[in-house]
Amino acid sequence: MSGSDLVFNLSPGGHLSGEIRVAGDKSISHRAIMLGSLANGVTEISGFLEGDDSLATLNAFRAMGVQIDGPTNGNVTIHGVGMHGLKPPEGVLDLGNSGTSMRLLSGLLSGQSFDVEMVGDRSLNARPMKRITVPLAMMGAVVEGTDAGTPPLKVKGGQQLKGILYKMPMASAQVKSSLLLAGLYAEGETCVIEPAPTRDHTERMLQGFGYEVRVNGHAASLSGGGELQATRIDVPADISSATFFMVGAAIAPNSDVLLQHVGINPTRIGVINILRQMGGAIEVQNERVVGGEPVADIRVRSSQLRGIQIPQDQVPLAIDEFPALFVAAACAEGETVLTGAEELRVKETDRIQVMADGLKALGVAATPTADGMVIRGGEISGGCVDSGGDHRIAMSFAMAALRASGEIKILDCANVNTSFPGFVALAQRAGLSITSDHQG
Ligand code: S3P
């Protein structure tokens, strides 16, 4: 895996304090590049996440002929080419570690007149893509992966797509978004029904670009053939990146942190609901709406957490937050039980197995199950943990050091840059004793 030699070293103890603005929202940053590129006119983005994942999307659109200025301090200017203005890229599109890029682009590129091949890194090349290629084929798209249903993916252009009504078998915003983006180019209506609410940034942002999206309960639909009008997008801080500091502040005695300008879209706030149910002291302050997305400042203070049975309805609303929540559970009194989260097994790593292995390496009683984990809170020892190249796992174990009795070394941390460049410096400023170094 690329950059597997970056190691985090943590000294035990300490606390978190101060006012912090974490990196921009990854999901919103991807979508801003995609829709801004297809819009008529110039889209200005501020707060853009300059992480490897969203930059992979940005570079893909540059490769398809879109003039994109920046990013400079989170500011990006996109000179939109209109719905049919993309050009064939010269080579394959390399999307690195980014599942969101590959899945959303599969839908969007199905509607173009040219062929494209997309590849990823070792992790992305092992992730399931049938969840999108199967429904896209029902729309008339031709997207071919390996026999195992994994990337590389070849999208054949020039197909006439038709709208479908699709009941998603799993709660996935990536699948929903992929189909809606294909639906922009389809004849008639595309309707996606989800088994449980998932992040709705695509629906909101399409509306922000002037495209009609009808949302009715668990169904989102749109009609193909419309146009997008350029707009301004202010990307809030990513609640998934704020999560590490929320958990860190909750578990470390004497902590008091204010996380600024965090996106609190109702489809993303499972982490707040779950931590509160565990006894976490979390205040949501100064709520406002910025560019169609709710935003707030979040204050978190240390608290004695207790183990809970995590409510099923919170699972899709906190799907990226479980690595950090497992660390919170390790510091809680009693047992925490997660079920219904089999999707965690097909993220950047198998997050159930990799987290269980890491927790056990730190002396925590963690038992993985097919669709979740049982964790008994207790002491955290020092030790060496392998993040498996998974950004969220690396940052979660960094926070575990706040309650550890010895030093923690975390291996394979380079992918922290996919979602949270600057994590180490920000964490140091907040009070974490962390350094990073390259080990060959
Ligand atoms: C994302 C959706 C989620 C999430 C991923 C980003 C998105 O994936 O895990 O980090 O931007 O749509 P699923 O929709 O597959 O659960």
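Guide: E203 is buried, with a relative accessible area of 6%. Buried means under 20% relative accessible area, exposed over 50%, and partly exposed in between, using a 1.4 Å probe and protein chains only. The model is predicted: local features need pLDDT of at least 70, side-chain atom pairs count only at pLDDT 80 or more, and totals for chains, interfaces and linings use all residues. Residues are numbered from 1 along each chain as its sequence is written, and side-chain values use heavy atoms, leaving out hydrogens and water.

The partner of E203 is K176, in a salt bridge of 2.7 Å, N to O. K176 sits in helix α5 (residues 173-183) and E203 in helix α6 (residues 201-208), so the pair links distant parts of the chain, 27 residues apart. Helices (H or I, at least four residues) and strands (E, at least two) are DSSP runs, numbered from the N terminus. K176 is buried too, at 1% relative accessibility.

A salt bridge here is a side-chain nitrogen of Lys or Arg within 4 Å of a carboxyl oxygen of Asp or Glu. The count by this rule is 20.

Next, strands. R299 meets D256 at 2.7 Å, N to O. R299 lies in strand β17 (residues 293-301), D256 in strand β15 (residues 256-263), and 43 residues separate them. R299 is partly exposed at 26%. D256 is partly exposed at 28%.

D297 and R288 form another bridge, at 3.5 Å, N to O. D297 is buried at 11%, while R288 is partly exposed at 24%. Elsewhere, shared partners join R127, R199, D320, E348, R351, D390 and R392 into one salt-bridge network.
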